[in-house]
Amino acid sequence: MANERMADDTAAPDEVLTAVGPRLRALRQQRAVTLAQLSAATGISVSTLSRLESGGRRPTLELLLPLARFHRVPLDDLVGAPETGDPRVRLRSVVRNGVTIVPLTRRPGGVQAYKMIYPPGGRPGEPEQQVHEGYEWLYVLSGRCRLLLGSHELTLEAGEVAEFDTRTPHWFGNPDDRPLEILSLFGPQGERLHVRARPSPVRRDLG
(Lines give C-alpha, C1' and ligand atoms only; values in the text may rest on other atoms or scores of the structure.)
Protein backbone atom coordinates (compact mmCIF):
# COMPACT_ATOMS: atom_id res chain seq x y z
CA MET A 1 0.00 0.00 0.00
CA ALA A 2 2.82 2.40 0.86
CA ASN A 3 4.57 1.64 -2.42
CA GLU A 4 1.35 2.21 -4.38
CA ARG A 5 0.78 5.55 -2.64
CA MET A 6 4.39 6.57 -3.39
CA ALA A 7 3.91 5.69 -7.05
CA ASP A 8 0.74 7.77 -7.24
CA ASP A 9 2.47 10.73 -5.58
CA THR A 10 5.33 10.69 -8.07
CA ALA A 11 3.01 10.31 -11.05
CA ALA A 12 0.90 13.37 -10.21
CA PRO A 13 3.68 15.97 -10.76
CA ASP A 14 4.50 14.37 -14.15
CA GLU A 15 0.88 14.71 -15.22
CA VAL A 16 0.85 18.35 -14.12
CA LEU A 17 4.06 19.15 -16.03
CA THR A 18 2.79 17.39 -19.15
CA ALA A 19 -0.15 19.82 -19.27
CA VAL A 20 2.11 22.90 -19.16
CA GLY A 21 3.05 22.72 -22.86
CA PRO A 22 -0.52 22.96 -24.23
CA ARG A 23 -1.24 25.84 -21.82
CA LEU A 24 1.82 27.74 -23.03
CA ARG A 25 0.87 27.19 -26.67
CA ALA A 26 -2.74 28.28 -26.06
CA LEU A 27 -1.63 31.48 -24.30
CA ARG A 28 0.77 32.36 -27.09
CA GLN A 29 -1.79 31.69 -29.82
CA GLN A 30 -4.49 33.70 -28.01
CA ARG A 31 -2.18 36.70 -28.15
CA ALA A 32 -1.11 35.96 -31.75
CA VAL A 33 2.56 36.01 -30.72
CA THR A 34 5.15 34.06 -32.71
CA LEU A 35 7.85 31.92 -31.14
CA ALA A 36 10.44 34.41 -32.41
CA GLN A 37 8.64 37.34 -30.73
CA LEU A 38 8.30 35.39 -27.49
CA SER A 39 11.98 34.45 -27.63
CA ALA A 40 13.02 38.09 -28.08
CA ALA A 41 10.86 39.19 -25.14
CA THR A 42 11.90 36.45 -22.68
CA GLY A 43 15.46 35.58 -23.72
CA ILE A 44 14.49 31.90 -24.14
CA SER A 45 15.59 30.34 -27.43
CA VAL A 46 13.01 29.48 -30.08
CA SER A 47 14.01 25.81 -30.00
CA THR A 48 13.53 25.65 -26.21
CA LEU A 49 10.13 27.35 -26.44
CA SER A 50 9.06 24.95 -29.18
CA ARG A 51 10.16 21.92 -27.13
CA LEU A 52 8.37 23.29 -24.04
CA GLU A 53 5.09 23.59 -25.96
CA SER A 54 5.44 20.12 -27.54
CA GLY A 55 6.42 18.46 -24.25
CA GLY A 56 9.96 17.67 -25.39
CA ARG A 57 11.50 19.92 -22.73
CA ARG A 58 10.68 19.62 -19.04
CA PRO A 59 9.49 22.99 -17.68
CA THR A 60 11.57 24.52 -14.91
CA LEU A 61 11.02 27.52 -12.68
CA GLU A 62 13.74 29.45 -14.56
CA LEU A 63 11.78 28.98 -17.80
CA LEU A 64 8.27 29.45 -16.46
CA LEU A 65 8.87 32.70 -14.54
CA PRO A 66 9.69 34.88 -17.58
CA LEU A 67 6.84 33.26 -19.52
CA ALA A 68 4.37 33.99 -16.72
CA ARG A 69 5.58 37.61 -16.62
CA PHE A 70 5.23 37.99 -20.39
CA HIS A 71 1.70 36.52 -20.48
CA ARG A 72 0.70 38.44 -17.32
CA VAL A 73 -0.67 35.34 -15.60
CA PRO A 74 0.09 33.79 -12.19
CA LEU A 75 2.59 30.95 -12.22
CA ASP A 76 -0.13 28.69 -10.77
CA ASP A 77 -2.16 29.15 -13.97
CA LEU A 78 0.68 27.77 -16.09
CA VAL A 79 1.14 24.63 -14.02
CA GLY A 80 -2.56 24.10 -13.28
CA ALA A 81 -2.13 24.20 -9.52
CA PRO A 82 -5.30 23.19 -7.64
CA GLU A 83 -7.45 25.87 -6.05
CA THR A 84 -6.76 26.47 -2.37
CA GLY A 85 -9.64 28.62 -1.20
CA ASP A 86 -8.58 31.55 -3.41
CA PRO A 87 -11.46 34.08 -3.24
CA ARG A 88 -10.57 35.70 -6.58
CA VAL A 89 -13.02 35.32 -9.47
CA ARG A 90 -11.95 32.66 -11.97
CA LEU A 91 -14.32 32.58 -14.93
CA ARG A 92 -13.79 30.93 -18.31
CA SER A 93 -12.61 33.16 -21.14
CA VAL A 94 -14.25 33.23 -24.58
CA VAL A 95 -12.88 34.21 -28.00
CA ARG A 96 -15.03 36.35 -30.31
CA ASN A 97 -13.78 37.58 -33.68
CA GLY A 98 -10.23 36.86 -32.54
CA VAL A 99 -10.62 38.85 -29.30
CA THR A 100 -10.10 36.96 -26.01
CA ILE A 101 -12.63 38.16 -23.41
CA VAL A 102 -12.05 37.28 -19.76
CA PRO A 103 -14.99 38.10 -17.45
CA LEU A 104 -13.89 39.42 -14.05
CA THR A 105 -17.26 39.66 -12.29
CA ARG A 106 -19.98 37.17 -11.43
CA ARG A 107 -22.92 39.22 -10.17
CA PRO A 108 -25.84 39.77 -12.57
CA GLY A 109 -26.74 43.36 -13.42
CA GLY A 110 -24.81 46.42 -12.38
CA VAL A 111 -21.30 47.17 -13.58
CA GLN A 112 -19.56 44.27 -15.33
CA ALA A 113 -15.76 44.03 -15.64
CA TYR A 114 -13.84 42.34 -18.45
CA LYS A 115 -10.25 41.95 -19.56
CA MET A 116 -10.03 42.00 -23.36
CA ILE A 117 -7.00 40.85 -25.37
CA TYR A 118 -6.82 41.92 -29.02
CA PRO A 119 -4.37 40.20 -31.41
CA PRO A 120 -1.96 42.38 -33.42
CA GLY A 121 -3.28 44.28 -36.44
CA GLY A 122 -6.74 45.53 -37.25
CA ARG A 123 -9.35 43.95 -39.48
CA PRO A 124 -9.53 45.25 -43.08
CA GLY A 125 -12.19 47.79 -44.02
CA GLU A 126 -13.69 50.72 -42.17
CA PRO A 127 -14.85 49.82 -38.64
CA GLU A 128 -18.62 49.79 -38.08
CA GLN A 129 -19.59 51.85 -35.05
CA GLN A 130 -22.29 50.51 -32.74
CA VAL A 131 -24.95 52.12 -30.56
CA HIS A 132 -26.61 50.56 -27.51
CA GLU A 133 -27.77 51.38 -24.00
CA GLY A 134 -25.12 51.63 -21.32
CA TYR A 135 -21.99 53.41 -20.15
CA GLU A 136 -18.43 52.18 -20.69
CA TRP A 137 -15.06 52.83 -19.08
CA LEU A 138 -11.85 51.64 -20.79
CA TYR A 139 -8.34 51.37 -19.34
CA VAL A 140 -5.45 50.36 -21.61
CA LEU A 141 -3.21 47.86 -19.82
CA SER A 142 -0.71 47.43 -22.67
CA GLY A 143 -0.46 48.29 -26.35
CA ARG A 144 -2.42 51.04 -28.08
CA CYS A 145 -6.18 51.34 -28.58
CA ARG A 146 -7.89 53.07 -31.50
CA LEU A 147 -11.20 54.53 -30.29
CA LEU A 148 -13.88 55.98 -32.56
CA LEU A 149 -16.62 58.07 -30.92
CA GLY A 150 -18.99 59.46 -33.50
CA SER A 151 -16.89 61.74 -35.71
CA HIS A 152 -13.99 61.78 -33.26
CA GLU A 153 -10.98 59.44 -33.32
CA LEU A 154 -8.61 58.90 -30.38
CA THR A 155 -5.52 56.80 -29.77
CA LEU A 156 -5.17 55.62 -26.18
CA GLU A 157 -1.75 54.61 -24.89
CA ALA A 158 -1.01 52.22 -22.01
CA GLY A 159 -2.21 53.75 -18.74
CA GLU A 160 -4.82 56.02 -20.38
CA VAL A 161 -8.55 55.90 -19.68
CA ALA A 162 -11.65 56.76 -21.70
CA GLU A 163 -15.30 56.79 -20.63
CA PHE A 164 -18.37 57.34 -22.79
CA ASP A 165 -22.11 56.90 -23.11
CA THR A 166 -22.63 53.91 -25.41
CA ARG A 167 -25.60 55.62 -27.06
CA THR A 168 -22.85 57.53 -28.87
CA PRO A 169 -21.74 55.60 -31.99
CA HIS A 170 -18.49 53.91 -31.00
CA TRP A 171 -15.86 51.32 -31.92
CA PHE A 172 -12.47 50.38 -30.49
CA GLY A 173 -9.74 48.00 -31.60
CA ASN A 174 -6.04 47.34 -32.08
CA PRO A 175 -4.20 49.33 -34.79
CA ASP A 176 -0.72 47.99 -33.93
CA ASP A 177 1.43 44.97 -34.70
CA ARG A 178 1.55 43.96 -31.03
CA PRO A 179 -1.23 42.68 -28.73
CA LEU A 180 -3.59 45.12 -27.02
CA GLU A 181 -4.91 44.44 -23.50
CA ILE A 182 -7.85 46.45 -22.16
CA LEU A 183 -9.72 46.53 -18.87
CA SER A 184 -13.38 47.30 -19.64
CA LEU A 185 -16.12 48.24 -17.17
CA PHE A 186 -19.62 48.33 -18.60
CA GLY A 187 -22.75 49.40 -16.74
CA PRO A 188 -26.43 50.07 -17.39
CA GLN A 189 -27.51 53.43 -18.73
CA GLY A 190 -26.98 56.13 -16.12
CA GLU A 191 -24.73 53.98 -13.90
CA ARG A 192 -21.23 55.44 -13.85
CA LEU A 193 -18.15 55.10 -11.72
CA HIS A 194 -18.15 57.45 -8.76
CA VAL A 195 -14.85 58.69 -7.39
CA ARG A 196 -15.17 58.89 -3.60
CA ALA A 197 -11.65 60.06 -2.82
CA ARG A 198 -8.92 61.89 -4.67
CA PRO A 199 -5.26 62.16 -3.70
CA SER A 200 -4.31 65.38 -1.98
CA PRO A 201 -1.65 67.54 -3.63
CA VAL A 202 1.80 67.15 -2.14
CA ARG A 203 2.80 70.10 0.04
CA ARG A 204 6.38 71.18 -0.25
CA ASP A 205 8.19 73.11 2.50
CA LEU A 206 10.05 76.06 1.11
CA GLY A 207 11.96 76.80 4.31
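Predicted model: local features only at pLDDT ≥ 70, side-chain atom pairs only at ≥ 80, totals over all residues.

A residue counts as buried under 20% relative accessible area, as exposed over 50%, and as partly exposed in between. Tyr139 has a relative accessible area of 27%, and is therefore partly exposed.

Ring centres must lie within 6.5 Å to pair, and planes under 30 degrees apart count as stacked. By this rule there are 2 aromatic pairs. In the pair of Trp137 and Tyr139, the ring centres are 6.3 Å apart and the planes lie at 10°, so the pair is stacked.

I turn now to the helices, and to helix H5, residues 61-71. Helix H3, residues 35-42, has an axis that comes within 10 Å of the H5 axis, and the two cross at roughly 110°. That angle makes H3 roughly perpendicular to H5. On the H3 side, the contact involves Leu38, Ala41 and Thr42; on the H5 side, it involves Pro66, Leu67, Phe70 and His71. By class, this contact has 5 nonpolar and 2 polar residues, with no charged ones.

How is helix H2 oriented relative to H5? H2, residues 20-30, packs against H5 at an angle of about 30°, the axes being 11 Å apart. H2 is therefore roughly parallel to H5, and the crossing is left-handed. Here Val20, Leu24, Leu27 and Arg28 of H2 meet Leu64, Leu67 and His71 of H5. The residues of this contact divide into 5 nonpolar, 1 polar and 1 charged.

Thank you for your attention.

Definitions and conventions
Residues numbered from 1 in each chain as written. Heavy atoms only, no water. Axes fitted to C-alpha atoms, helices over the stretch in contact; angles between N-to-C directions. Helix = DSSP H or I, 4+ residues; strand = E, 2+ residues; numbered from the N terminus. Parallel < 35°, antiparallel > 145°, perpendicular 65-115°, else oblique. Contact = heavy atoms within 4.5 Å. Nonpolar A, V, L, I, M, F, W, Y, C, P; charged D, E, K, R; others polar. Left-handed = near helix turned anticlockwise from the far one by under 90°. Phe/Tyr/Trp six-rings, centres within 6.5 Å; stacked < 30°, edge-to-face > 60°. Buried < 20%, exposed > 50% of the residue type's maximum accessible area, 1.4 Å probe, protein only.
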